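Trainee: Before we start, could you take me through the features one at a time? I would like the general idea and then the case at hand.

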Amino acid sequence: MAINWTDAQIEEIVASVMKGLTGEAPKAKPQYCGAGYNGKKYIGVYEDMNDAIDAAEAGYRAIRAMSLEEREKVINIIRDLCRKEAPTMASLGVDETKMGRVDHKTAKHILVADKTPGTSDIVADVKTGDYGLTLTEMAPFGVVGSITPSTNPSETVICNSIGMIAAGNGVVFNPHPNAIATSNYAVDLINRASAMAGGPSVLVSSVVKPTLDTASIMYKDPRIRLLVCTGGPGVVKSVLSSGKKAIGAGAGNPPVIVDDTADIKKAGKDIIDGCTFDNNLPCIAEKEVFAFANIADELIDAMKANGAYLISSQDADKLAKIVLVEKTNPKTGIKSKIVNRDCVGRDAKVLLEKIGIYVGNDIRCIICETSFEHEFVQEELMMPILPIVRVKNIDEAISLAVKAEHGNRHTAHMHSKNIDNLTRFARAVETTIFVKNAPSYAGIGFGGEGHTTFTIAGPTGEGITSARSFTRKRRCVLSESFRII
Ligand code: COA
């Protein structure tokens with residue numbers, strides 16, 4: 001007779017056997033779910049989306065009652081906790097999603113803590129003239145519904161929370177179904193910070209089991225005044241067609257051009273550093289390279305000197321069959337290629353093993369020479385795989401790079417010292433972020449000037465979002481007074 005042991009029973013048996021053998025019970029694996037972590041219940045995480053919205057509305061009322069100084073106190077504690085707990089959230093993120101790298105995810109949390117703008121981002125605008133004074137202020141929307149991704153889960157929850165709270169909003173989150181524990185850990189962290197600052201014990205909220213159905217409750221609830229979606233194409237589309245004011249941050253496919261005036265050694269290193277950051281999960285990361293033919297060999301050598309492994313075109317085709325899979329749309333029956341979820345954000349070493357190539361831990365990126373038509377150029381893989389296409393001149397480079405970006409207008413990169421070439425590409429590609437002569441992450445303030453965000457709203461135009469993106473403008477007019485000149 002077969003016995004169906006539960007996971008808990010199996011763990012109990014293993015522990016008692018181990019204790020008998022070694023005198024010690026094995027070290028417990030961290031236990032987590034959408035509702036809690038290691039036996040500790042998350043604060044602000046509800047079974048029912050309606051309860052989560054009630055809580056976020058109460059949070060909004062509490063924020064409205066706070067002075068700017070009090071809001072800033074909460075935000076400063078969020079920053080402190082985010083720095084302190086960055087390694088925990090990074091490990092949890094990798095463990096739960098099986099994507100990315102713990103060291104890079106730790107760095108991303110510290111970036112969020114250090115470079116997400118707070119209340120100083122909210123500024124009023126004043127116009128004075130013959131008729132008096134008109135003041136325009138950046139006011140909160142109310143309760144914001146925030147859809148967050150699996151690629152940068154807790155980073156996005158914390159970054160959005162800082163901006164949304166600074167702007168005076170309440171927030172309810174609907175995290176990606178594959179990153180619930182990590183995202184809700186961050187929701188709990190925000191609420192702990194609020195309590196430590198003397199604010200309400202629940203300032204922001206979420207649900208134990210987010211799905212598209214719970215998201216739909218959020219879309220329809222009249223108390224949600226703004227929707228902010230950071231995610232894959234499907235979920236961004238659903239938010240933009242919700243009929244509500246929405247901010248959408250979706251897909252990109254960032255091209256890189258390297259011309260023959262660039263510092264080639266530096267370009268090779270910068271491109272590999274950017275492409276491999278968190279195993280290519282940030283949507284700004286380098287996805288395909290267009291290199292002038294006369295410097296392509298030198299560029300490939302520079303990449304190889306920085307942890308890249310060059311595969312043949314046959315191996316590239318073999319790998320393409322594994323990292324991209326065919327999907328049939330159940331409604332239309334149309335077949336298309338999508339990325340294999342099990343390969344997204346994996347180490348280069350693990351991906352190479354899938355085609356029978358075994359390398360050491362120093363290899364962090366797979367490079368290959370391909371044609372422009374190759375799937376590695378056309379599809380956004382979000383893996384440390386970088387195709388390189390040789391081009392004759394700047395005209396061909398710009399024309400192909402613009403096509404490969406597919407009109408997402410998200411992010412593009414260029415390595416060059418020719419100001420005309422740099423300007424021509426920037427004008428042609430029209431992306432929200434354009435990085436010159438640096439790794440892609442300089443575009444989100446990591447080793448570059450400017451603030452950070454993981455919600456890059458190209459489709460709806462807010463760009464590199466910050467507190468002011470989550471506000472509505474309100475005008476107050478005082479007639480015939482207050483002009484002192
Ligand atoms: N809440 C509820 N449902 C969500 C969700 C959320 N926050 N996010 C995604 N979903 C849904 C999707 O709509 C989809 O539903 P469907 O199967 O009914 O269409 C399902 O969950 C799976 O979504 P998706 O994330 O697209 O698929 P995946 O898990 O197989 O893919 C990735 C993983 C990483 C490829 C994908 O999430 C992606 O492209 N992410 C990029 C995210 C990003 O960072 N974008 C913004 C950059 S600025």
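Trainee: Is Tyr-441 buried or exposed?

Mentor: First, the ground rules. The model is predicted, so local features need pLDDT of at least 70 and side-chain atom pairs count only at pLDDT 80 or more, while totals for chains, interfaces and linings use all residues. Residues are numbered from 1 along each chain as its sequence is written, and side-chain values use heavy atoms, with hydrogens and water left out. Buried means under 20% relative accessible area, exposed over 50% and partly exposed in between, with a 1.4 Å probe and protein chains only. Tyr-441 has a relative accessible area of 14%, so the residue is buried.

Trainee: How many aromatic pairs does a search of the whole structure find?

Mentor: Rings of Phe, Tyr and Trp (its six-membered ring) pair if their centres lie within 6.5 Å; planes under 30 degrees apart count as stacked, over 60 as edge-to-face and the rest as tilted. The search finds 7 pairs. In one of them, Tyr-42 and Tyr-185 have ring centres 6.3 Å apart and planes at 85°, so they are edge-to-face. This pair links distant parts of the chain, 143 residues apart: Tyr-42 is in the loop between strand E3 (40–41) and strand E4 (45–46), and Tyr-185 is in helix H7 (residues 180–196). Helices (H or I, at least four residues) and strands (E, at least two) are DSSP runs, numbered from the N terminus. Tyr-42 is buried at 3%, and Tyr-185 is buried at 8%.

Trainee: Which residues form one aromatic cluster?

Mentor: Tyr-37, Tyr-42 and Tyr-185 do. Tyr-185 also has the charged end of Arg-192 over its ring, 5.7 Å from the centre. The test is NZ of Lys or CZ of Arg within 6 Å of the ring centre and within 35 degrees of the ring normal.

Trainee: Which residues come nearest to the ligand?

Mentor: A residue is near a molecule if one of its heavy atoms lies within 4 Å of it. Of the 24 residues around the ligand, Thr-148, Thr-151, Asn-174, His-176 and Cys-283 come nearest.

Trainee: What is 2.8 Å from an N or O atom in the side chain of Asn-174?

Mentor: A nitrogen atom of the ligand is. Arg-341 has a polar side-chain atom 3.3 Å from a ligand oxygen atom.

Methods
Polar contact = N/O pair within 3.5 Å; in protein donor to acceptor, adjacent residues only side chain to side chain.
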